[in-house]
Amino acid sequence: MKFISSVKYSLFFGFSTLFLFTGCSQKNYSDDYMKFYKDTKNSKINNSKEMHKYTMRPYSVFGIKYYPFIANIGDRFEGIASWYGPDFHSKKTSNGEVYNMYDMTAAHKTLPMNTVLRVENLDNGKSIIVRVNDRGPFVKGRIIDLSNKAANEIDMVRRGTANVRITVLGYNGEIENKNAPYTELAQNEVKPSNQVEKIDVLEPLDIKEDKITTTNVTIPTVGTPVVAKTTVKTPTVNKASVVNNKPKITPLSTGIYSLQVGAFSKIEGAQKTVSDYQRKFSSNKVESEKVFVNGKTLYKVFIKGFKSYDEAQRFKNSNGLTNAMVIK
């Protein structure tokens with residue numbers, strides 16, 4: 001199991017240990033989960049209200065904050081899957097159960113415990129159904145950790161990882177949840193198609209969250225291109241202002257929530273990320289901010305303009321920004 005990062009061992013120091021470093025400034029979804037919680041009378045799984053209350057709290061592992069959230073039935077996410085087996089067999093999982101590598105279970109960083117997921121191996125077309133009973137994997141770029149049996153079923157054990165698509169099927173360990181949230185379309189929002197758009201994402205650095213001292217890097221306001229008079233030399237039009245000869249929409253920044261999508265030791269990396277993300281997400285302002293951490297300078301990049309935590313979280317999930325963090 002050499003491919004498994006040593007950080008995985010933090011999952012098994014006890015159910016409560018993982019949640020010692022919880023934050024209270026963000027929304028706690030445990031109350032929302034209670035709206036469709038039900039006791040399934042299944043003695044083989046831990047589905048208690050108390051367990052959900054604690055596992056839906058924001059938590060921190062090695063300085064990285066994670067915010068559990070409730071996805072809609074049918075929501076889909078793509079990323080890299082890994083697996084864990086003998087080294088963790090018979091040890092406690094994050095929801096208080098005992099890990100059995102022969103069960104069809106999985107670890108996820110933010111979905112509620114006992115969420116039922118379909119996992120499709122995009123490399124070979126094989127798929128399985130698993131139940132979340134653990135937190136993880138705390139490795140950059142990975143979105144789910146499968147049990148040994150589940151990994152065998154989609155033929156990824158030998159390779160160790162696989163490109164996967166996960167689909168939310170149900171909660172409380174059941175696929176049919178009549179009261180569970182389904183995709184609700186906001187005003188002016190286009191109904192999603194059955195196809196998941198794969199977006200090229202620039203992966204941010206995994207760094208510890210710190211106090212931000214802001215020094216905004218100015219991004220030119222996009223306006224109407226200047227039309228030269230016959231007596232004046234025609235000015236050079238900024239290429240960022242015009243795309244396919246059409247004026248670019250001025251980015252909005254009306255919300256107090258942002259997504260941190262990167263942190264760089266050199267300003268050049270931050271500037272490139274700002275440029276790339278601004279092209280992709282023209283309706284939101286993308287800015288970099290200079291911060292100081294232990295005497296060192298970092299440049300953080302934020303996508304701004306979200307009116308609520310939920311809005312920022314939905315944007316993050318729908319655009320595959322796996323490592324982004326919601327900031328207020």
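Q: Which residues of helix α5 are buried, and what makes a residue buried?
A: In α5 (residues 309-318), the buried residues are Tyr309, Ala312, Gln313, Phe315, Lys316 and Asn317. Buried means a relative accessible area under 20%, exposed means over 50%, and partly exposed lies in between (1.4 Å probe, protein chains only). Helices are DSSP runs of H or I with at least four residues, strands are runs of E with at least two, and both are numbered from the N terminus.

Q: What kind of model is this, and how are residues numbered?
A: The model is predicted: local features need pLDDT of at least 70, side-chain atom pairs count only at pLDDT 80 or more, and totals for chains, interfaces and linings use all residues. Residues are numbered from 1 along each chain as its sequence is written, and side-chain values use heavy atoms, with hydrogens and water left out.

Q: What do the buried residues of α5 pack against?
A: Their partners are β3 (76-84), β11 (257-264), β13 (296-306) and β14 (325-327). Contact here means heavy atoms within 4.5 Å. Just after α5, Gly320 takes a positive phi of about 70°.

Q: Why is β11 called largely enclosed?
A: 8 of the 8 residues of β11 are buried, so the rest of the structure largely encloses this strand.

Q: How do you know that β11 pairs with β13 and with β14?
A: Two strands pair if DSSP finds at least two bridges between them. β11 and β13 share 7 bridges, in the antiparallel sense. β11 and β14 share 3, also antiparallel. Both counts meet the cut-off, so both are pairs. In the second, Gln260 stands opposite Met325 in β14.

Q: What makes β4 and β7 a pair?
A: Strands β4 (residues 105-107) and β7 (residues 142-147) have 2 bridges, in the antiparallel sense. The cut-off is at least two, so they pair. Ala107 stands opposite Asp145 in β7.

Q: Which strands form the closed barrel?
A: The barrel has 6 strands, in the order β3-β7-β4-β6-β5-β8. Its pairing is mixed.

Q: Why is Asn148 called buried?
A: Its relative accessible area is 14%. That is under 20%, so Asn148 counts as buried. Asn148 lies in helix α3 (residues 148-153). Apart from neighbours within four places in sequence, Asn148 is in contact with Trp83, Tyr84, Gly85, Tyr99, Met101 and Val157.

Q: Why is Asp155 called exposed?
A: Asp155 has 54% relative accessibility. The value is over 50%, so the residue counts as exposed. Asp155 lies in the loop between α3 and β8 (162-170). Beyond neighbours within four places in sequence, Asp155 is in contact with Asn121, Asn124 and Lys126. Asp155 and Asn121 are 34 residues apart in sequence, and their C-alpha atoms are 8.4 Å apart.

Q: What makes Asp123 and Arg159 a salt bridge?
A: A salt bridge needs a side-chain nitrogen of Lys or Arg within 4 Å of a carboxyl oxygen of Asp or Glu. Asp123 and Arg159 meet at 2.8 Å, N to O. Asp123 lies in the loop between β5 (116-121) and β6 (127-134), and Arg159 in the loop between α3 and β8, so the pair ties together parts that are 36 residues apart in sequence. Asp123, at 40% relative accessibility, counts as partly exposed. Arg159, at 56%, counts as exposed.

Q: How do you know that Lys35 and Asp32 form a salt bridge?
A: Their N to O distance is 3.6 Å. That is within 4 Å, so the pair qualifies. Lys35 is exposed at 65% relative accessibility, whereas Asp32 is buried at 18%.

Q: What makes Lys41 and Asp39 a salt bridge?
A: Their side chains meet at 3.5 Å, N to O. The limit is 4 Å, so they qualify. Lys41 is exposed at 70% relative accessibility, and Asp39 is partly exposed at 47%.

Q: How many salt bridges does the structure hold, and which residues are linked in a network?
A: The structure holds 11 salt bridges. Glu78, Glu120 and Arg165 are linked in a network of them.

Q: How many helices and strands are there in the protein chain?
A: The chain has 5 helices and 14 strands. Of its 328 residues, 46% count as buried.
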